[in-house]
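Please read these notes with the structure open beside you.

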Amino acid sequence: MSKVQLTPQTLLIPLPAVMVSCQAEGYKPNIITISWIGIVNSEPPMLSISIQPKRYSYEIIKKSGQFVVNLTSEHNLQAADFCGNRSGRDYDKFKELKLTPIKAKMVSAPLIKECPINLECITRQSLLLGSHEMFIAEIAAVHINGELVDENERPNIDMLKPLVYCTGAREYRGGLIKLLGRYGQAAGK
Ligand SMILES: Cc1cc2nc3c(=O)[nH]c(=O)nc-3n(C[C@H](O)[C@H](O)[C@H](O)COP(=O)(O)O)c2cc1C
């Protein structure tokens with residue numbers, strides 16, 4: 001099959017579609033949907049999110065230096081899409097979507113109860129790259145719904161039913177539940 005060359009673009013598929021909650025003095029708590037996210041370090045655990053400076057959430061995260069990455073399941077689809085298409089300048093997204101804020105342990109931003117996994121993050125560095133500013137943050141606390149995890153802290157992916165976003169196609173997808181293998185199997189581990 002022949003290859004077709006496309007224009008340079010961010011065609012990394014699939015990506016998570018997470019709901020990032022944030023709060024700062026003088027602002028109401030807000031939620032922004034983010035797909036430009038990645039793990040960037042293991043010890044300490046760190047991730048990055050990239051946000052356009054015109055977003056309402058950008059002002060809040062720039063000011064507070066803190067946020068919560070709330071991972072999504074298939075059942076969070078409508079809320080994730082709303083938070084990714086409406087601004088906190090015009091809506092109180094917690095109220096509008098009847099989402100439940102829970103006080104976090106380490107940061108000012110609330111966790112979203114309806115999301116299965118919540119990562120409390122504290123910004124360590126930020127880099128303005130062009131269209132987006134990348135916030136590199138330490139994961140300071142992690143929460144997961146009790147029924148989704150075993151005694152070895154291993155999450156149950158079949159029950160988690162992660163929601164993903166496919167750039168290019170602009171589609172949300174789920175059903176990533178088919179187990180195909182285990183880490184290291186090709187290396188005989
Ligand atoms: C699936 C999806 C992924 C998105 N990813 C990002 C992202 O990584 N960075 C960003 O700045 N905006 C992203 N957006 C757009 C923002 O979520 C959107 O502009 C939102 O309304 C901003 O809300 P705010 O003004 O309350 O901060 C995404 C939207 C969707 C639907």
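The numbered points below cover the model, the sheet and the ligand site.

1. This is a predicted model: local features need pLDDT of at least 70, side-chain atom pairs count only at pLDDT 80 or more, and totals for chains, interfaces and linings use all residues. Residues are numbered from 1 along each chain as its sequence is written, and side-chain values use heavy atoms, leaving out hydrogens and water.

2. Seven strands form an open sheet with antiparallel pairing, in the order E3-E2-E6-E9-E10-E5-E4. Strands are DSSP runs (E, at least two residues; helices are H or I, at least four), numbered from the N terminus. Two strands pair if DSSP finds at least two bridges between them.

3. Strands E3 (30–34) and E4 (37–41) stand at the edges. Each has a single partner strand, so one side of each lacks a neighbour in the sheet.

4. E4 pairs with E5 (residues 46–51) in the antiparallel sense, over four bridges. Gly38 stands opposite Ser48 in E5.

5. Look at the polar contacts (N or O pairs within 3.5 Å). A ligand nitrogen atom is 3.0 Å from a polar backbone atom of Ser35. A ligand oxygen atom is 2.9 Å from a polar backbone atom of Arg86.

Key
A polar contact is a pair of N or O atoms within 3.5 Å; within protein, one must be able to donate a hydrogen and the other to accept it, and residues adjacent in sequence count only if both atoms are side-chain atoms.
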